[in-house]
Amino acid sequence: MDAGEADLLARARAGDTSAFDELIRPQRRRLHVHCYRMLGSPQDADDAVQESLLAAWRGIGSFEGRSALSTWLYQISTRVCLRFIAQRPRRLLSADHSPPLAGTADLGQVLGGPVWVEPLPDGEWLAEAMHEEPGHTTALRQSVALAFIAALQHLPGTQRAVLLLREVLEYSAAETARMLGTTAASVNSALQRAQKSVKDKMPESSQAVELGALESTGVDQLLRDLIDAWERRDVAGFVSLLTEDVRFTMPPLPAWFDGRESVARFISERMFATPWRLRRLRANGQPGLACYMQHPGTEVFQLGAVNVLAFKAGRIAGIHSFLDPAVHRRFDLSSEVT
């Protein structure tokens with residue numbers, strides 16, 4: 001801890017709230033990303049960070065600096081997240097909730113509440129990577145990928161915490177054990193079980209690898225082709241960009257479609273019945289699209305979905321279309337375009 005931090009800590013321990021805020025500010029974004037990984041929702045992470053910082057303020061008088069401030073804060077936030085996990089249902093991707101649909105006539109009813117894994121805008125985590133080495137930046141992207149976040153939600157809370165503390169935040173087994181109030185042997189056992197479970201849930205190739213293989217020019221061309229086919233409502237052109245095993249999901253609707261044939265049926269019978277305009281965005285280290293739909297009798301296009309795209313072998317393997325306005329607000333998007 002440098003002299004400036006030591007001074008802020010001394011003032012915070014004496015009850016200076018402005019010193020506490022300044023001391024904590026550099027840690028806040030990292031804590032939020034950690035809580036997002038644990039909980040699968042930016043909104044839940046907001047709640048966890050707020051509760052964690054309140055606990056830190058109440059406990060700052062007893063923090064003597066024998067460990068790094070960040071370690072102390074990660075310990076507090078991890079324990080808050082473990083309590084949330086025990087109290088709330090785990091969040092899911094559509095494929096974990098119900099089987100895919102065969103027909104397109106009935107897409108089901110919206111399922112409210114904390115049900116679905118939600119995307120994280122790149123602006124909420126990417127600043128952490130701006131001054132990092134390329135290898136660390138790639139690892140950071142992998143640690144926020146939507147598939148990884150969803151796989152984590154299948155783990156019991158303690159295994160989730162151990163995997164993140166050990167493999168993402170790179171604490172030792174002994175440090176992790178102290179943070180969780182357990183033993184290094186228990187940490188190592190939990191890590192082995194968590195690694196196996198996550199590996200079973202993850203695709204063979206990460207999105208960081210798939211996007212790296214495409215390179216920026218290939219990704220850009222694929223997105224341009226997708227936007228062109230979507231806005232022209234060109235079913236054949238759209239389908240030609242998809243993998244055979246593509247998935248199209250649309251939480252908070254439970255409906256989802258599995259495979260190119262089913263997705264083609266959905267877009268031709270339902271999705272392309274409406275004119276669209278699309279704008280690019282990024283979430284979870286992956287390209288995405290803000291999708292604006294035109295309702296009958298109107299001139300403007302209103303925001304209808306935030307889509308996060310997944311890629312495989314140079315094509316689109318997943319279109320995860322988030323319909324919840326609360327998710328849209330997270331991205332600070334225009335509500336309508338012309």
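Let me start with the salt bridges, of which this structure, a predicted model, holds 19. One of them pairs Asp47 with Arg88, whose closest N and O atoms are 3.8 Å apart. Because Asp47 lies in helix α3, residues 42-59, while Arg88 sits in the loop between α4 and α5, this pair ties together parts that are 41 residues apart in sequence. Both partners count as partly exposed, Asp47 at 35% relative accessibility and Arg88 at 30%.

Another salt bridge, between Asp200 and Lys196, has an N to O distance of 3.2 Å, and here the two residues are four apart within helix α10, residues 184-201, which means that about one helical turn separates them. Asp200 and Lys196 are both exposed. There is also a network, in which salt bridges that share partners join Asp44, Asp47, Arg88, Arg91 and Glu118.

Let me turn to the cysteines. How many disulfides does a search of the whole structure find? The search finds zero. For Cys35, the closest cysteine sulfur is that of Cys81, and at 3.5 Å it is too far for a bond, given that a disulfide needs the two sulfur atoms within 2.5 Å. Cys35 is buried, with a relative accessible area of 0%, and Cys291 also counts as buried, at 1%.

Finally, the strands. Strand β3, residues 276-283, runs antiparallel to strand β4, residues 286-293, and eight bridges join them. Within this pairing, Leu281 stands opposite Gly288 of β4. The hairpin that β3 and β4 form has two residues between the strands, and in this hairpin Asn284 takes a positive phi near 55°.

How values were computed
Residues numbered from 1 in each chain as written. Predicted model: local features only at pLDDT ≥ 70, side-chain atom pairs only at ≥ 80, totals over all residues. Heavy atoms only, no water. Pairing = 2+ DSSP bridges. Buried < 20%, exposed > 50% of the residue type's maximum accessible area, 1.4 Å probe, protein only. Salt bridge = Lys/Arg side-chain N within 4 Å of Asp/Glu carboxyl O.
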